[in-house]
Amino acid sequence: MTKTPLLLCPGLLNDAALWRHQLDSLTDVADAQVADLTGAESVAALAAAVLERAPPRFALAGLSMGGYVAFEIMRRAPERVTRLALLDTRARLDPPESRARRFELIDIARRGGFAKLPSQMLAGQLHPDHVAVPQIAATVLAMAERIGPEAFIRQQRAILDRPDSRPGLAAIHVPTLVAGGRQDGITPPDVLREIAEGIPAAKLVIVEEAGHLTPLEQPQAVSALLRYWLQS
Ligand code: MLT
């Protein structure tokens, strides 16, 4: 059976460990690779770098910041994307208070205070029951440590400068899965609904008992969703 080339775009301070279960369990249907979103300060440059290394045509999944890059890929090279999965992400821009918080975080990281940030961010990222699950929390903290302060600052700058993706939603014509955690406080179900309502061929799925990092918090459910999306 031919496998689908699959490109997975992780979120802020995430790497391939976010997608561990999906990478392991979809090997029979997908040739997956995880994009590196640490090397540039704009979604345009990140998307260009990802496209340079990507196969000619591929299924594209992005979580949160990975979704911002996925939107940019859809603007630049829609003909290369066969299907799209947008997880725990937003099309609209940040409200002013979130922008202000990002500048604060950049400042803290610049002054050498990055090390304390990942553990402070944990409660906002995970379902309350998952904050105390060592396997989940340790994975999130280890990813953040690997990404480190310089890449964190670049990623926050890219997020701050990203364009509003709402005007392009109606032009997305590939089969699209929009999914996220019921208890995601960063990109809650309403934010996902806005995306799903804007894309003609989108299906919205809310994952129960999950916060912002659904592939890690509900790995079996997300792998099953992606399998269905890849095969439908
Ligand atoms: C992420 O997980 O990528 C971030 O929550 C994105 C963001 O801060 O907007």
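Around the ligand, the shell of residues is made up of five nonpolar, three polar and one charged. In this sorting, Ala, Val, Leu, Ile, Met, Phe, Trp, Tyr, Cys and Pro count as nonpolar, Asp, Glu, Lys and Arg as charged, and the others, Gly among them, as polar. You are looking at a predicted model, where local features need pLDDT of at least 70, side-chain atom pairs count only at pLDDT 80 or more, and totals for chains, interfaces and linings use all residues. Residues are numbered from 1 along each chain as its sequence is written, and side-chain values use heavy atoms, with hydrogens and water left out.

Let's meet the shell itself. Among the residues around the ligand are Gly 11, Leu 12, Arg 102 and Ile 159, where a residue is near a molecule if one of its heavy atoms lies within 4 Å of it.

Now look at helix 3, residues 65-76, which holds both Glu 72 and Arg 75, three residues apart, about one turn of the helix. Helices here are DSSP runs (H or I, at least four residues), numbered from the N terminus. Glu 72 and Arg 75 form a salt bridge, with their closest N and O atoms 2.7 Å apart. The term means a side-chain nitrogen of Lys or Arg within 4 Å of a carboxyl oxygen of Asp or Glu.

Conventions: Helix = DSSP H or I, 4+ residues; strand = E, 2+ residues; numbered from the N terminus.
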